[in-house]
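User: I would like to learn how to read a protein model feature by feature. Please start with the loops and work up from there.

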Amino acid sequence: MDDIVIGIDLGTTNSFISVYTRGRIRILENERGARVTPSFIYFPPEGGTVIGEYAKTMSLQKPENSIYEMKRLIGRQFDDTYIKKLSTYFNVTQREVTLTAAKDAGFTVLKLLNEPTAAALAYYFVNDITENHISLVYDFGGGTFDVAILEKKTDNVEVLCVNGDTQLGGHDLDNCILDYIVEVLRTDYRYNTKIDPDTKRRLRNKCEVAKKDLSSANEAFITINGMVPKHPRIIITLTRDVFEEKVSKLFKKTIDILHNCLVESKISKQSIQEVILCGGSTRIPKIQEMVSEYFGHKKLNKSVHPDECVAEGAALQAAMLSINKKQDIKQLKMVDVLPLSLGFSSLGSEMVVIIRRNTKLPTKKSRVYVNGEGDGTSMFVRI
Ligand SMILES: Nc1ncnc2c1ncn2[C@@H]1O[C@H](COP(=O)(O)OP(=O)(O)OP(=O)(O)O)[C@@H](O)[C@H]1O
Ligand SMILES: [Mg+2]
């Protein structure tokens, strides 16, 4: 049993587990037979813990006993606006807490991989590219947005630059639709009662369904039963045009982050040979249109599964790192970069950056910090 290696994609919305054996990657099914497990936890009053689809259902019945979107919360304090403001990426504490959680669950963690890097590994596994090749991964998930530019050489994949936003995902698109629905209820139905959190959550779920419908239809319908007096059943039509207008700022933000990543890496758009889409939100036609347009109407690469490729890439990396020689996998050396700036701050002051984001790893730096009272405190950071 010791030599089984798996890849886990711990997503804001959904999680996947995959395993690499005998040259093939397989996504594992959960006890319900599904490949996808919603990232929900439910604590039944009688004790125990339930995860996945049932926990998602129960989050509507008993929100006070449920946790979801924990990836946005993990490793944070309740009043944690300071860290939130600083990070463009999954922060150090969040990474440490994730590692601790995995160890507590009985796993030996071989590596914590950034999502777009994992997606790129899955891409290079499916597409056997031998010549030097530069790709860009655009990963728009449920809670986070990530971009990575990678270069594949004969036997290695080097991450050249990453950028992202930990607070930008499909969930935020759902909230924009929710704001629109509340606005329609106020203006068209004069419904000015404060909407309680439970009702809001149910409405937001309907908004998510409508959003997904709009990826394959021009209009979607949101039905509201028994909420507004004298209007037992309200059906609100949401067109693709209205949806795109309501979320346009967020879509534009992803393109700005993508642009900044290219500027920072000093790589021209023309040098990007393949744009790889990853994450459930890349199914949105307007997103595909905007990304393609940014690259001069380039055909986007959809050869990896947008939901499953991160777990697949993680399983591949695990197999490469595994000591089990039976894995029989072509080794690709990964050269990664620091996904976020590292530094320190005292009592909420601005962070003093010691090692900049996008510094090639491994790296080593030291600096002496002298605080306001004149005490010398030496700080040494090594990665
Ligand atoms: N057909 C679709 N059209 C639009 N959005 C979709 C579609 N399918 C899934 N999504 C959205 O994709 C998001 C989930 O994507 P994904 O599973 O990649 O996220 P995640 O890995 O859980 O989150 P993250 O990587 O941000 O932590 C949800 O917001 C979901 O509503
Ligand atoms: Mg994801």
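Analyst: Let's begin with Lys 230, which lies in the loop between strand 11 (219-228) and strand 12 (231-239). Strands (E, at least two residues) and helices (H or I, at least four) are DSSP runs, numbered from the N terminus. The model is predicted, so local features need pLDDT of at least 70 and side-chain atom pairs count only at pLDDT 80 or more, while totals for chains, interfaces and linings use all residues. Residues are numbered from 1 along each chain as its sequence is written, chains are lettered from A and ligands numbered from 1 in the order in which they are written, and side-chain values use heavy atoms, with hydrogens and water left out.

User: What is the phi of Lys 230?

Analyst: Lys 230 has a positive phi of about 70°, although this residue is not a glycine. Another loop to look at holds Pro 362, between strand 16 (352-355) and strand 17 (364-370). The peptide bond that leads from Leu 361 into Pro 362 is cis, with omega near 0°.

User: Now for sheets. In what order do the strands of the five-stranded sheet come?

Analyst: Two strands pair if DSSP finds at least two bridges between them. Here, the five strands form an open sheet in the order 13-8-9-10-14, and the pairing is mixed. Strand 13 (274-278) and strand 14 (333-335) are the edges, each pairing on one side only. On average, neighbouring strands of this sheet are turned by 25° against each other, direction ignored. Axes are lines fitted to C-alpha atoms (for helices, over the stretch in contact), and angles run from 0 to 180 degrees between N-to-C directions.

User: How many bridges join strand 8 to strand 9?

Analyst: Eight, and strand 8 (residues 133-140) runs antiparallel to strand 9 (residues 145-152). As a landmark, find Ile 134, which stands opposite Glu 151 in strand 9. Helix 9 (residues 248-265) lies across strand 8, strand 9 and strand 10 (156-165), at about 135° to strand 10.

User: There is also a sheet of three strands; which way does its pairing run?

Analyst: The pairing in that open sheet is antiparallel, and the order is 6-5-7. Its edges are strand 6 (50-51) and strand 7 (66-68), each pairing on one side only. Three bridges join strand 5 (residues 40-42) to strand 7. Helix 1 (residues 53-61) lies across strand 5, strand 6 and strand 7, running at about 70° to strand 5.

User: Which residues does Ile 41 touch, not counting those up to four places away in sequence?

Analyst: Contact means heavy atoms within 4.5 Å. Ile 41, found in strand 5, touches Thr 49, Val 50, Ile 51, Ala 55, Asn 65, Ser 66, Ile 67 and Met 70. Of these, Ile 67 in strand 7 stands opposite Ile 41. Met 70 is 29 residues from Ile 41 along the chain, and their C-alpha atoms are separated by 9.0 Å.

User: How do I read a pair of packed helices?

Analyst: Two packed helices are described by the angle between their axes and the distance between the axes. Helix 6 (residues 170-189) and helix 7 (residues 197-213) pack at about 110°, with axes 8 Å apart. That makes helix 6 roughly perpendicular to helix 7. The cut-offs are under 35 degrees for roughly parallel, over 145 for roughly antiparallel, 65 to 115 for roughly perpendicular, and oblique for the rest. Among the residues making the contact are Leu 173, Ile 177 and Ile 181 of helix 6 and Leu 203, Cys 207 and Glu 208 of helix 7.

User: At what angle do helix 5 and helix 11 pack?

Analyst: Helix 5 (residues 115-126) and helix 11 (residues 309-321) pack at about 80°, with axes 7 Å apart. They are therefore roughly perpendicular to each other. The contact includes Ala 118, Leu 121 and Phe 125 of helix 5 and Val 310, Leu 316 and Met 320 of helix 11.

User: Last stop: how many residues surround ligand 1?

Analyst: There are 21, and the closest are Thr 12, Thr 13, Lys 71, Glu 208 and Ser 215; a residue is near a molecule if one of its heavy atoms lies within 4 Å of it. An oxygen atom of ligand 1 is 2.5 Å from an N or O atom in the side chain of Thr 12. With Thr 13, an oxygen atom of ligand 1 is 2.6 Å from a polar backbone atom. For Glu 208, an N or O atom of the side chain is 2.6 Å from an oxygen atom of ligand 1.

Technical notes: Polar contact = N/O pair within 3.5 Å; in protein donor to acceptor, adjacent residues only side chain to side chain.
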